[in-house]
Every structure is written in C-alpha cells, then in structure tokens.
Amino acid sequence: MLLDEDPATLIHHTIGNFNIHPDKVAIGRINESLSTLQQARDLRIREAESALKKLSRNLHTLSTHHSETVLSHNGADHAARIVELDTQKFRIAKAASDLEIEGERLEHELEGLKGRLQQLDLDGVEGDEAMKAKRETDDPTVFVFSS
C-alpha cells in the first residue's frame with residue numbers, strides 16, 4: 001500500500017498545514033478594490049448620463065430655436081432690404097461726391113474773392129488813380145476848371 005497513514009488523517013493534516021489566511025486577506029482586498037472601482041465607475045456613468053441629458057436638452061432647445069428662425073426668415077424680404085440699402089448707399093456716396101465738388105468750387109471762389117478784397121483794400125475807397133480820373137470825367141456833377 002502506498003499510504004502508511006489513514007487518508008482522513010492525511011487530509012486533515014494537509015488542511016491544517018495549508019495556510020489560506022493570507023489568501024483570504026488578499027481576496028478580501030481584491031473584493032474591496034473591486035467594490036471601490038465599481039462605485040467610481042457608477043459615479044462616472046451617472047455624471048456622463050447627467051451631462052448627456054443636459055446636452056440633449058441644449059440640443060433640443062437650439063434645434064427648436066433654429067427651426068423657428070428658419071421658418072421666420074423670408075428670403076424675398078431680405079433681398080429687398082439689401083437692394084434698398086445698396087440704393088441708399090449709392091445715393092449717399094453720390095451726395096458726398098457732389099458736396100465735395102461744390103466745396104472745392106466754393107474754395108476757389110473764396111480764393112478769388114479774397115484776392116479781389118485784397119486788391120480793393122490796396123486801391124482804397126476811391127479806387128486807383130486811373131479809376132478816380134475816369135470817374136471824374138464821367139461824372140456830370142463834377143465841374144473841371146480848365147485854365
């Protein structure tokens with residue numbers, strides 16, 4: 001026979017000498033880690049679901065707003081308004097150009113009048129000598145004595 005001892009005694013000694021306490025502690029730590037990991041995973045899933053719901057509500061709101069905006073937009077009115085604004089812009093540009101030309105014309109006229117004023121100031125109230133002599137010869141109220 002192979003075994004000198006009773007198999008039940010051998011099994012009992014084997015179980016007694018087989019130290020499973022460290023394995024039980026390790027399995028306990030593993031279960032605790034798994035539990036913590038599951039809680040963290042559940043928390044992340046809840047946060048993601050909450051963010052997804054918020055984004056879904058935001059998408060729905062924006063989609064509704066977009067639909068309302070698209071429905072309220074009238075392309076013909078928009079085009080008519082653009083044409084009206086373009087016409088107004090060209091009228092304003094034309095008026096500005098006309099005013100600029102008129103301003104330059106008035107500046108030249110002012111320069112001419114300033115020159116005329118300066119000449120009149122130099123000539124005095126009576127005018128220059130040639131004008132004074134001509135006025136005296138043409139004036140019937142002035143009597144010229146001839147000697």
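Is Leu34 buried, partly exposed or exposed?

## Overall fold

This structure is a predicted model. The chain contains 4 helices and 0 strands. Followed along the sequence, these elements give the pattern α-α-α-α.

## Surface and burial

The chain has 147 residues, and 0% of them count as buried.

## A nonpolar patch

Ile30, Leu34 and Leu37 together make a nonpolar surface patch of about 280 Å². One of these residues, Leu34, belongs to helix α2, which covers residues 21–72.

The opening question can now be answered. Leu34 has a relative accessible area of 49% and is therefore partly exposed, since the term exposed is kept for values over 50% and buried for values under 20%.

## A negative patch

Four residues, Glu100, Glu104, Glu107 and Glu111, form a negative surface patch. Among them, Glu100 is located in helix α3, which spans residues 75–123.

Into which class of exposure does Glu100 fall? Its relative accessibility is 52%, so Glu100 counts as exposed. The cut-off that applies here is again over 50%.

## Summary

Leu34 is partly exposed, whereas Glu100 is exposed.

Terms used
Residues are numbered from 1 along each chain as its sequence is written. This is a predicted model: local features need pLDDT of at least 70, side-chain atom pairs count only at pLDDT 80 or more; totals for chains, interfaces and linings use all residues. Side-chain values use heavy atoms; hydrogens and water are left out. Helices (H or I, at least four residues) and strands (E, at least two) are DSSP runs, numbered from the N terminus. Buried means under 20% relative accessible area, exposed over 50%, partly exposed in between (1.4 Å probe, protein chains only). Patches are made of residues with over 30% relative accessible area and no salt bridge: like charges are joined within 9 Å, nonpolar side chains (Val, Leu, Ile, Met, Phe, Trp, Tyr) within 5 Å. Accessible areas come from the Shrake-Rupley method with a 1.4 Å probe; for residues, only the protein chains shown count as cover. A salt bridge is a side-chain nitrogen of Lys or Arg within 4 Å of a carboxyl oxygen of Asp or Glu. Lys and Arg count as positive and Asp and Glu as negative; His and the chain ends are not counted. The place of a charge is taken as NZ of Lys, CZ of Arg, CG of Asp or CD of Glu.
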